[in-house]
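Below is a briefing on a predicted model, grouped by topic. Please read the sequence and structure alongside the text.

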Amino acid sequence: MSRAMCMTWRHSSRLFSCCPLPFTSPLLLAPSHFHYIIPDIIVSHHHSHLLSSFTQNPSSQSSIMESSPPHHQQNESNGTHNISKKSKPMLISESDLRFEFSHHDPSIARINNGSFGSCPASVTAAQHHWQLLFLRQPDHFYFNRLQPAILRSRTLIKDLVNADHVDEISLVDNATTAAAIVLQQIAWAFTEGRFQRGDAVVMLHYAYGAVKKSIHAYVCRAGGQVIEVPLPFPVNSNEEIVDEFRRALMRGKANSGRVRLAVIDHITSMPSVLIPVKELVKICREEGVDQVFVDAAHGIGCTDVDMKEIGADFYTSNLHKWFFCPPSVAFLYCRKTPETSPELHHPVVSHEYGNGLAIESGWIGTRDYSAQLVVSDAIEFTNRFEGGIEGIKKRNHDGVVEMGKMLASAWGTNLGTPQEMCASLIMVGLPVSLGISSDSDAMKLRKHLRENFGVEVPIYYRHPKDGEVNPITGYARISYQVYNTIDDYYKFRDAVNQLVSDGFTCALFPK
Amino acid sequence: MDSDRGENGDSSHNHVSKKPKLSAFISEEEIRQEFSHHQRGIARINNGLARIQNCCKGLINADSVDEVSLIDNATTAAAIVLQQIGRAFAQGKFQKGDVVVMLHCAFQSVKKSIQAYVTGAGGSVIEVQLPFPLTSKEEIVSEFRKGLEKGKSDGRHVRLAIIDHITSMPCVVVPVEELVKICRQEGVDQVFVDAAHAIGSVPVDVKEIGADFYVSNLHKWFFCPPSVAFLYCRKSPLSSEVHHPVVSHEFGNGLAIESSWIGTRDYSSQLVVPSVLEFVNRFEGGIEGIMMRNHEIVVKMGEMLAKSWGTNLGAPPEMCASMIMVGLPSRLFISSEEDAMRLRSYLRQHHGIEVPLHYQAPSDVEGGPKDKDGLVTGYARISHQVYNSFDDYCKFRDAINQLVEQRRSCKMLFME
């Protein structure tokens with residue numbers, strides 16, 4: 001028995017749940033024929049031959065009820081399914097792809113994969129299977145199934161990100177939670193006197209809002225000071241970022257002497273820029289920064305994520321953004337070192353407190369862990385594409401660059417970064433005539449595009465520098481994911497062209 | 001809310017109209033349908049509690065929605081309350097050695113949370129022994145008073161008392177109102193009631209109870225999916241010190257608002273609360289009726305089992321809600337927690353019975369209750385919820401009797 005399971009034997013459980021059936025169905029607009037309920041047998045069809053699966057003998061599925069979700073049946077029983085282990089799975093067809101994302105609102109050009117990600121129907125079906133397994137017999141699930149399933153997910157991620165040891169991989173809800181975990185130990189270090197008042201934490205000016213608040217809550221309150229690295233935008237090269245970063249580290253060391261933590265985005269949120277993290281981590285080591293935390297909310301499935309290459313102490317990425325997992329699941333990588341690593345804990349303390357972050361995170365009280373259990377299904381989904389996740393990343397990048405250039409050309413504007421400084425998101429300048437002159441304008445324009453043009457895209461307000469003539473002050477952050485088509489971007493192009501030709505400006509929005 | 005129900009895609013059930021049916025309440029058949037996803041063949045007498053959001057405030061008689069935060073579970077609530085205690089120690093607002101008082105049978109995760117946030121920050125902890133088995137609530141009250149005395153000794157300050165409304169193992173209903181009053185009389189700074197099992201199990205009036213913090217899970221006894229709980233925080237000058245540990249955009253806007261967005265995740269179990277209210281109103285007497293019947297039946301079933309096995313109940317019926325502790329025959333020789341776990345697994349695997357078991361070490365002084373063969377050291381915590389049937393308990397009764405007849409003790413289980 002694994003250690004995690006040994007621990008659980010000793011604890012009398014607070015009991016789990018009893019929940020009537022109608023409340024368990026996911027709110028996603030899944031096609032009603034996608035999975036159906038026969039009395040006491042739940043069948044889900046989510047392997048690649050979606051349409052042909054309806055002709056499969058349901059009795060072969062009934063044994064699934066007591067064991068793992070269908071995906072694992074596939075791997076365990078070679079002969080009984082259409083896909084054997086040995087033959088290469090058929091590549092996903094256009095119609096299967098439409099099917100997988102048929103729950104997306106068809107009236108919207110969805111070019112904001114960055115905010116909330118996306119999840120194909122086959123993966124949500126697998127998730128739903130886990131949810132029902134729990135409700136069916138929660139005690140058995142808790143004692144016997146949950147921890148092995150979490151360990152499986154963690155092991156798969158360890159391989160995906162080239163970590164040395166599965167202990168280094170913890171599963172948490174999202175990057176926001178990971179930030180709280182990393183910052184909490186910084187706060188403790190200040191409280192316990194290991195860090196001095198005034199020791200610094202360095203972060204990028206474009207760090208995510210929630211992370212900034214977390215730094216304020218955990219660091220400033222405990223006596224640390226914060227140094228922000230200003231970043232130019234639009235940006236033209238990695239050197240611009242590296243220079244600013246070096247300067248900020250100098251400032252940190254000049255003021256107080258010790259920089260205890262550097263928080264570096266792998267891909268900033270708004271504006272979105274691919275940061276040269278490997279280089280910045282090197283600089284941190286050279287300059288004696290204690291710890292480096294890379295916030296790669298947009299990381300896995302979007303850009304190359306190799307823990308040993310990047311060399312950070314902590315690295316987090318959301319799997320629900322670009323890795324096709326349901327909301328929400330993220331991994332937090334904590335490098336194991338021969339020296340004593342700082343002790344990280346999940347802030348929600350439960351039975352496993354003290355057994356290491358990975359084990360602690362595996363049980364933080366009764367809740368729905370199903371999103372953490374479908375990593376294998378997400379991987380299976382990516383393998384239905386040519387080149388797997390690598391192929392998807394490359395095509396997303398090429399696609400978003402092409403679309404970005406198309407839009408910039410159509411509007412007579414520019415891109416916010418060179419194409420090598422973006423992954424599957426890119427910043428496209430909006431026509432000056434739209435008159436975006438504040439964050440509030442950007443929000444209102446975004447809402448206007450959503451409600452009146454059926455386009456979902458986040459808009460960034462860029463404060464012009466003094467002396468700039470006719471500056472571009474608004475940028476759209478477009479994304480490209482497997483479900484997008486060129487029509488999505490034409491719709492956006494035409495919407496903006498319409499606004500321009502109508503003489504629209506943000507000044508027209510009611511105050 | 002109607003559109004939400006439509007989108008659930010639940011076409012196999014008749015939609016329940018918003019107006020209460022004039023005809024019969026929910027039928028047996030409908031109950032079975034609602035719980036058809038439960039595993040057949042398992043006598044499931046092991047259940048939990050649940051909570052509510054906007055409707056919550058009305059249900060628990062809170063003054064304002066600002067006082068009601070929705071979070072994952074009681075474990076999270078403990079982290080929230082204890083983190084602010086930890087910060088107060090760290091900032092020197094509390095003296096090293098100031099005290100947190102809790103029951104010795106407080107839930108394990110809460111104990112660990114105290115270890116992490118209180119002991120780690122320099123606070124000390126006093127555990128109040130809960131006598132068990134017990135015959136009256138006075139036994140609890142007097143032990144609690146003793147605990148507070150100890151806490152105040154040497155000029156220390158009792159900064160927080162953590163009191164379970166319904167303890168987990170062993171399971172008894174604690175006279176929280178009385179204990180909170182004592183806390184106020186004795187100058188305890190804050191009182192946190194851990195009522196994981198309360199809502200849907202006992203009536204909950206947070207103003208009557210008078211605690212500073214009160215948490216209850218809605219997924220245990222209030223039919224919500226995993227997981228959702230409410231944490232009530234009485235408005236006070238210290239309210240702004242309480243934060244959700246996962247800091248996001250809403251940091252500083254009050255716990256209720258902070259908790260409403262803690263990053264991208266699935267909040268859907270918090271959103272079905274109104275539908276749950278509809279569900280409970282399909283039963284005679286609504287949630288009060290359900291609570292009353294659960295209590296009556298679990299007491300009857302407890303008495304039936306105790307009679308059949310020749311054992312005792314762990315607490316009088318008035319100190320139980322929808323769960324009750326039933327003594328297991330001494331011939332099973334349950335002499336450790338491991339034995340209890342072993343027997344529990346055995347019952348699950350070989351008899352299809354799911355029921356948590358508690359090991360109660362005999363007290364040095366009196367020994368403890370006895371059956372005709374020896375000391376009763378094991379108790380089963382049985383529950384009753386609307387999906388249970390008489391057969392569930394008969395199955396349990398017979399399985400235990402069979403073990404006793406076969407002269408099989410815990411240590412012999414799994415050895416064929």
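Domain bounds here come from an automatic or database domain assignment. On that basis chain B is divided into domain 1 (42–280) and domain 2 (286–406), and the centres of domain 1 of chain B and domain 2 of chain B, taken over C-alpha atoms, are 27 Å apart. The contact between them (heavy atoms within 4.5 Å) takes 29 residues from domain 1 of chain B and 38 residues from domain 2 of chain B. For the complex, the predictor gives an ipTM of 0.84 and a pTM of 0.85.

**Conventions**

- Residues are numbered from 1 along each chain as its sequence is written, while chains are lettered from A and ligands numbered from 1 in the order in which they are written.
- Because this is a predicted model, local features need pLDDT of at least 70, side-chain atom pairs count only at pLDDT 80 or more, and totals for chains, interfaces and linings use all residues; side-chain values use heavy atoms, with hydrogens and water left out.

**Domain interface in chain B**

- Domain 1 of chain B and domain 2 of chain B bury about 3,000 Å² between them, 65% of it on carbon and sulfur atoms; buried area is the accessible area (1.4 Å probe) that two parts lose on being put together, summed over both.
- Between domain 1 of chain B and domain 2 of chain B there are zero salt bridges, a salt bridge being a side-chain nitrogen of Lys or Arg within 4 Å of a carboxyl oxygen of Asp or Glu.
- Five residue pairs, both residues at pLDDT 80 or more, are in polar contact between domain 1 of chain B and domain 2 of chain B.
- A polar contact is a pair of N or O atoms within 3.5 Å; within protein, one must be able to donate a hydrogen and the other to accept it, and residues adjacent in sequence count only if both atoms are side-chain atoms.
- On the side of domain 1 of chain B that touches domain 2 of chain B, the elements giving two or more residues are strand 1 (43–44) and helix 6 (137–152) of chain B.
- Helices (H or I, at least four residues) and strands (E, at least two) are DSSP runs, numbered from the N terminus.

**Salt bridges**

- Over all chains, the structure holds 47 salt bridges.
- One of them joins the side chains of A:Lys393 and A:Asp304 (3.1 Å, N to O).
- The pair links distant parts of the chain, 89 residues apart: A:Lys393 is in helix 16 (residues 388–411) of chain A, and A:Asp304 is in the loop between strand 8 (291–295) and helix 12 (307–310) of chain A.

**Backbone features in chain A**

- A:Met270 and A:Pro271 are joined by a cis peptide bond with omega about 0°; A:Pro271 is in the loop between strand 7 (259–265) and helix 11 (277–286) of chain A.
- Another cis peptide bond, with omega about -15°, joins A:Pro327 and A:Ser328.
- A:Ser328 is in the loop between helix 13 (319–322) and strand 10 (330–334) of chain A.
- A:Phe324 lies in the loop between helix 13 and strand 10 of chain A and has a positive phi, near 60°, in a residue other than glycine.

**Confidence**

- The mean pLDDT (the predictor's confidence in each residue, from 0 to 100) of chain B is 88, and 90% of its residues reach 70 or more.
- Residues 42–52 of chain B stay under 50 in pLDDT, with 101 contacts beyond four places in sequence in the model.
- Chain A averages a pLDDT of 86, with 82% of the residues scoring at least 70.
- Where pLDDT is low, the predicted coordinates should not be read in detail.
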